[in-house]
Amino acid sequence: MKKLTLSVPILLITIILSACGSTSKEPEAIQSAEIDNATSAASETPNDQTWSLDGVFIDDQDNHLILAYYSEDEGMGQYGWTVSAILSDEMYGGFMDEENASLKGDIISYDSKGNEKEKKKVTITQEDSYVVMKTDTGDVYRFTADETDYTEGMGEILPMFQYDSIYAFSGHDPLWAAVYNYLSFDAIDMVDSEHALIPYANIVDVDDSDPEDVHVYGDYYLWEFEINDDTLVAVSASHIPGVIHMEQTGDKDNALYYGLSMDQGLTDDEVKEIFGQYYEHYLTLSSDEEMRDSGIAGNIADYVKANGLSVTKYQLYADSVEELPPSFITVYRESANLPAYEYPDPASVEYAVYEYILQSYMEIADTSMTDVTIPYVYIIAEDESDDQDIIVMLSGWVSSYNLEGDQLQMQSGSEVSGAIHLKKTPDGFEGTSFDEVLDGSEYQKSAKKIFGSHYDDFINLSSDELAKVEKQIISDYVNMNGLNISSYQDMGLEPVSLD
């Protein structure tokens with residue numbers, strides 16, 4: 001099971017950096033209740049909140065301070081403040097505690113590899129007409145509200161494609177993250193600030209024999225988009241076949257990768273020389289236009305969902321506006337507080353089967369970022385000849401869902417096939433073990449051993465029969481709990497109405 005990582009970017013810094021020029025000006029007095037850019041957040045904060053100013057501030061050396069208030073419903077799990085600072089072109093950020101009408105905490109800067117570069121302990125207070133930030137090294141910055149309109153003359157600024165934040169909760173693969181980060185930030189110069197650069201990577205092969213120079217051979221694309229109403233429209237596209245050189249840190253099971261450089265093939269001869277033994281594989285992948293277009297469409301859908309954009313369509317080519325495909329990434333969101341799934345008859349064999357499957361799955365899968373986990377199984381055969389070893393042969397799935405509107409959307413899941421062993425108890429039944437059908441080359445052998453004379457029933461079980469069970473189980477869950485849910489959608493499939 002992969003360990004998921006959390007990335008909480010402070011997006012306001014990006015906007016300030018893209019717009020800040022040399023804007024020195026005389027200090028302007030702060031009026032606590034009448035600041036255009038630095039506004040009061042007191043009405044949204046708990047009663048013991050002691051600080052109220054948020055917004056963008058500037059001093060006479062063009063240093064910037066950004067104070068941002070966050071609340072529980074914005075996904076942070078608590079009330080509080082973030083502080084971002086741009087001091088002599090160095091960026092810092094951190095979370096602050098309120099103490100005696102001041103903000104106190106650490107602000108940290110990072111190098112290009114995400115390592116901590118410098119930490120400052122700071123105290124922020126309001127003194128007369130200034131917001132004053134003092135550091136533990138004796139530096140004092142005196143800020144006033146920044147009235148500059150950085151967006152004047154600019155269109156809508158689209159967020160950057162950041163693999164780490166988009167896939168933070170859905171499975172964060174370190175090698176893919178390094179590839180996409182390199183393509184997003186290092187492969188070409190920054191695009192127009194009103195456009196979004198969305199990469200697509202198709203990895204051909206990896207040579208990691210040298211951790212200090214890992215070769216990632218790939219068929220890479222960079223698409224540049226602008227927003228037009230509810231559509232992301234491609235304004236340019238670049239095809240970059242080649243090899244990205246990576247540095248690997250840590251052992252292979254827990255490795256991190258950092259992009260160093262890239263060898264690009266500009267002609268067919270250069271591409272053939274770069275890919276060497278992998279050239280034929282590259283040709284096969286690069287000729288699959290359907291896979292490429294489907295891949296970039298998926299990346300667009302993930303980008304749109306992760307950034308909460310009001311976009312429903314995309315256009316890669318002239319006269320080819322397409323609806324966005326489904327995105328199944330998990331974004332940081334407030335829980336829908338759905339009741340846990342429970343089979344309706346506690347005294348039944350099925351109750352013990354479903355309980356055992358559910359608990360076993362939740363022991364190995366992180367379900368904390370989803371709203372409800374629901375198993376469903378088709379029971380193929382039962383052997384109740386020994387009430388201390390009841391055998392239930394079955395096939396099905398256990399899936400985790402998020403509630404979006406009135407639809408359950410599957411976020412992750414696992415197939416369940418095999419035989420559960422139960423024992424009878426005074427209160428019903430209890431699961432004791434599970435003989436699971438194995439993957440790969442052992443699949444058929446293990447299935448025949450587990451199902452025995454019922455093997456044909458197992459192997460011939462149709463997807464339609466499983467779908468009927470799934471719909472019935474979800475319908476029962478919704479009706480028993482009186483939930484306003486009208487449909488559900490599994491990964492890659494059309495929504496199913498519960499009517």
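**Exercise 1.** Is K121 buried, partly exposed or exposed, and what is its relative accessible area?

*Solution.* This is a predicted model. K121 has a relative accessible area of 48%. Buried means under 20% and exposed means over 50%. K121 is therefore partly exposed.

**Exercise 2.** Find the salt-bridge partner of K121, then state what the pair ties together.

*Solution.* Start with the distance. The closest N and O atoms of D106 and K121 are 3.3 Å apart, and the two form a salt bridge. Next, place the residues. D106 lies in strand β6 (residues 103-110) and K121 in strand β7, so the bridge ties together parts 15 residues apart in sequence. Finally, check D106: partly exposed, at 24%.

**Exercise 3.** Which residue forms a salt bridge with E90, and which strands hold the pair?

*Solution.* The partner is K117, with closest N and O atoms 3.3 Å apart. E90 sits in β5 (residues 90-98) and K117 in β7 (residues 116-127), so parts 27 residues apart in sequence are tied together. E90 is partly exposed at 22%, while K117 is exposed at 52%.

**Exercise 4.** What do the buried residues of α6 pack against?

*Solution.* The buried residues include R292, I296, N299 and Y303. The buried set packs against elements including α3 (174-185), β11 (214-228) and β12 (231-249).

Key: Residues are numbered from 1 along each chain as its sequence is written. This is a predicted model: local features need pLDDT of at least 70, side-chain atom pairs count only at pLDDT 80 or more; totals for chains, interfaces and linings use all residues. Side-chain values use heavy atoms; hydrogens and water are left out. Buried means under 20% relative accessible area, exposed over 50%, partly exposed in between (1.4 Å probe, protein chains only). Helices (H or I, at least four residues) and strands (E, at least two) are DSSP runs, numbered from the N terminus. Contact means heavy atoms within 4.5 Å. A salt bridge is a side-chain nitrogen of Lys or Arg within 4 Å of a carboxyl oxygen of Asp or Glu.
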